[in-house]
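Me: I'd like to go through the pockets and cavities of this one. Can you put the structure up?

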Amino acid sequence: MLKTTIAGSLPKPRWLAEPERLWAPWKLPEPELSQAKLDATILAVKLQEDAGIDIVGDGEQARVHFVHGFLANLDGIDFDKKTVMGIRNDRYKAEVPTVVAEIRRKGPVHAREAQAARAHTTRPLKFTLPGPMTIVDTIADEHYGRREDLAFAFARALNEEARELEALGVDVIQFDEPAWNVYMPQVAEWGMAALEEAKRGLSCTTAVHICYGYGIKANVEWKGTLGDQWRHYEETFPVIAKSSIDQVSLECRNSRVPIELIRLLEGKDVLVGAIDVASDAVESPQEVAATIREALRFVAPEKLFPCTNCGMAPMSAAIAYAKLEALAKGAALVRAELGR
């Protein structure tokens, strides 16, 4: 009960990539880089265990970015043909590769790091993949034309990858869909159907992560425009509640999301973001416990999983892992109060 987990990414070691930066370039050449990625994955798993996290992840250590790390082993994408485009409805600009032909998976993308993580922990293992809509919003398209057609092409590739990860012993596969807090009508129109295609045939636990983004300047400024209440979830949660997805990961700590919206997820596991990734202030266990208690007003303890708001890749490692320790201790406080 109240098992803790992470939303996805963790800071990379300084010897692997430039610290405290998204899209951080690698510091090592091949072939050293391949082994270094696995070393960093194992280290991230062990540091999560040390912090007391119950359901650990690979920390996305082998990916330069949570989306483009998956795209790297797909046919149909020209990485030399760069396009500058607006991401998340033009919230910020990024230079992205271009889809020029049919999307096909060349082979396993994340198998090596999943195997490394699985071999070095006995705890439940979670692995994150980008969701179809978010991929579509983070790449240029010169082939498919319609966003939904492109999303389903990526969904089929994601499904192949997810099935292989499950076979390698991954217990939870999470699809990251921050774009669902931007294009809410499209979630019902085609976003959920694409996600269902991505998870088709899986028997492991499945999750969707919907956040307000990394703690970077563009996202922080955008949040400042959203008013006193952030009600994006009000439109998407009923759609998710009708789906076959098992878990929903959402942002709560220091957000303006009305906590009562969790009621709209009846029947689902709720991964409650109790750690703010947009602040370097380390939460106390008591502050974490307070967020958990608030969520418990609307979700049963056995359905609640304390989590981080979003990925922590741009943070310093010392702060990130201190926050994870606080997450574990805060969950333990509430667990003790409940006599579990």
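Predicted model: local features only at pLDDT ≥ 70, side-chain atom pairs only at ≥ 80, totals over all residues.

Me: Start with the largest pocket. What volume does it have?

Reply: The volume of the largest pocket is about 340 Å³.

Me: How many residues line the largest pocket, and which lie nearest its centre?

Reply: The lining has 18 residues, and those nearest the centre are Lys37, Ala62, Gly69, Val109 and Glu113.

Me: Which elements give two or more residues to that lining?

Reply: Helix H1 (32–51), helix H2 (68–71) and helix H3 (111–119) do.

Me: And by class, what does the lining of the largest pocket have?

Reply: Eight of its residues are nonpolar, five are polar and five are charged.

Me: What lines the largest cavity?

Reply: Its lining is made of 20 residues, with Phe66, Pro178, Cys211, Tyr214 and Cys310 nearest the centre. By class, nine residues of this lining are nonpolar, seven polar and four charged.

Me: And which residues lie nearest the centre of the second largest cavity?

Reply: Lys12, Arg21, Arg63, Val64 and Ala313, out of 18 lining residues.

Me: How do the residues of that lining divide?

Reply: For the second largest cavity, 10 lining residues are nonpolar, two are polar and six are charged.

Methods:
Residues numbered from 1 in each chain as written. Heavy atoms only, no water. 1 Å grid on protein atoms, 1.4 Å probe; cavity = no way out; pocket = protein on both sides within 12 Å on 5 of 7 lines; lining within 4 Å. Points joined across faces, edges and corners; volume = space filled by probe spheres on them. Helix = DSSP H or I, 4+ residues; strand = E, 2+ residues; numbered from the N terminus. Nonpolar A, V, L, I, M, F, W, Y, C, P; charged D, E, K, R; others polar.
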